[in-house]
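Please look over the model shown below. A short report on selected residues comes after it.

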Amino acid sequence: MPASNHRPTRILIDSQAIFENIQNEIQRARVGIEIFATVKANAYGHGMIGVAKIARKAGIAGFCVATIDEGIELRKAGFKETILILGITSPEFSNLLIRYNLSVVVATLEWLHEIKNQFYKGFLSKKIKVHLKIDTGMGRIGFRSIADVKEALEIIENSSMFAFSGLCSHFATADDKNDILWIRQNLRFQEIVNILLNKPHFLHTANTASAFWHKDFSGNLIRFGIGMYGLNPSGRTLPEDYPLKPALSLESELVQVKKIAAGESISYGQTWVANEPTWIGTVPIGYADGWLRKMQGFSILVAGEYCEIVGRICMDQLMIRLPKKMNFKEKVTLIGKNGEREITMQDVADHLGTIHYEVACLLGERIPRFFI
Ligand SMILES: *Cc1c(COP(=O)(O)O)cnc(C)c1O
């Protein structure tokens, strides 16, 4: 889908904010720890290539993506750093892993066996860089028994197709005050590390939350995601180590301003009826942009004032109640600062009953991203 570049609705990304968040993390990390920028899902909705460029400038050592296609897109854009695919890559695309020099997370013996039986001439000169994933308690992907890890290591060592590049795991409760499971997972990971005769280059377990609140995490690499975008992984629960700078603003403009009479209704289904003469503004963003219908009742900013979204949110447009007559083309802020006030991604998440990660990822491809 092409971005709608000729509509006033836009996402502005504060490049300096991303740069500073990464620099703060690099400076604060233990000596010898490398940072990979997690840019999966279009960099959490921020725009993958633009964010990757800033991250490279800020000094990261590599990238994490979720799918092979995201990795290929980074390579095609000219990135030479290590790229690790965090999700499971279908074995039938092993040739693409070689061609684009992408590292993969491997979670099962079946995967290794299936590759072992393939023939592709690229394997004559190059190896697939594998990071064995250990399921220490997340319950998502990964080897669960020591016997399986040993068997995987044997397959890797006895095949010329694989290079053992990493051992990794993922925490389920790193953003939680209760650290019982976190400690158990960390110990389990160390137990597996201890059976390795040859340690791979990368040992990694930490996402942003572990880097912030569990500084004794195992490994030499942080898979830095949400913190890079200036968002607190715990929402409002745990304090930030250093002031995070949110990078994303979502803006639009009033495309129509009108006064309606008492008794007149707004939008589909007549869910909102004016009880007095009311100024109404129309904003060109809707649920097709990821601004969900549930956002009805939330207030967005125009000329520094909160204006409630009234009536149903449509696919491409929504209406707000204005405190007074406002100008055609007046700036509207849905996320970010406007005048003295600010709407955060967390505010939106609170209204939706979800987390800011989801809010960021929902923002659709139809909205163009501009890096400033
Ligand atoms: C998405 C992801 C990360 C990044 O997590 P943040 O909370 O955004 O820092 C790290 N590791 C894995 C396996 C992930 O899927």
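This is a predicted model: local features need pLDDT of at least 70, side-chain atom pairs count only at pLDDT 80 or more; totals for chains, interfaces and linings use all residues.

**Charge patch.** On the surface, a patch of positive charge is formed by Lys53, Arg56, Lys57 and Lys80. Arg56, one of these residues, belongs to helix 3, which covers residues 48-58. Arg56 has a relative accessibility of 35% and is therefore classed as partly exposed, since that class lies between 20% and 50%.

**Polar contact.** Strand 18 spans residues 331-338 and includes Thr333. The side chains of Thr333 and Asn338 are in polar contact at 3.0 Å. Thr333 is counted as buried because its relative accessibility is 1%, and the cut-off for buried is under 20%.

**Positive phi.** Asn42 is a residue other than glycine with a positive phi, near 55°. Asn42 sits in helix 2 (residues 40-44). Ser267 is likewise not glycine, and its phi is positive, near 70°. The loop that holds Ser267 runs between strand 12 (265-266) and strand 13 (272-273).

The table lists the relative accessibility and class of the residues discussed.

| Residue | Relative accessibility | Class |
|---|---|---|
| Arg56 | 35% | partly exposed |
| Thr333 | 1% | buried |
| Asn42 | 31% | partly exposed |
| Ser267 | 23% | partly exposed |

Which class does Ser267 fall into at 23% relative accessibility? Ser267 counts as partly exposed, because the buried class ends under 20% and the exposed class needs over 50%.

Technical notes
Residues are numbered from 1 along each chain as its sequence is written. Side-chain values use heavy atoms; hydrogens and water are left out. Patches are made of residues with over 30% relative accessible area and no salt bridge: like charges are joined within 9 Å, nonpolar side chains (Val, Leu, Ile, Met, Phe, Trp, Tyr) within 5 Å. Accessible areas come from the Shrake-Rupley method with a 1.4 Å probe; for residues, only the protein chains shown count as cover. A salt bridge is a side-chain nitrogen of Lys or Arg within 4 Å of a carboxyl oxygen of Asp or Glu. Lys and Arg count as positive and Asp and Glu as negative; His and the chain ends are not counted. The place of a charge is taken as NZ of Lys, CZ of Arg, CG of Asp or CD of Glu. Helices (H or I, at least four residues) and strands (E, at least two) are DSSP runs, numbered from the N terminus. Buried means under 20% relative accessible area, exposed over 50%, partly exposed in between (1.4 Å probe, protein chains only). A polar contact is a pair of N or O atoms within 3.5 Å; within protein, one must be able to donate a hydrogen and the other to accept it, and residues adjacent in sequence count only if both atoms are side-chain atoms.
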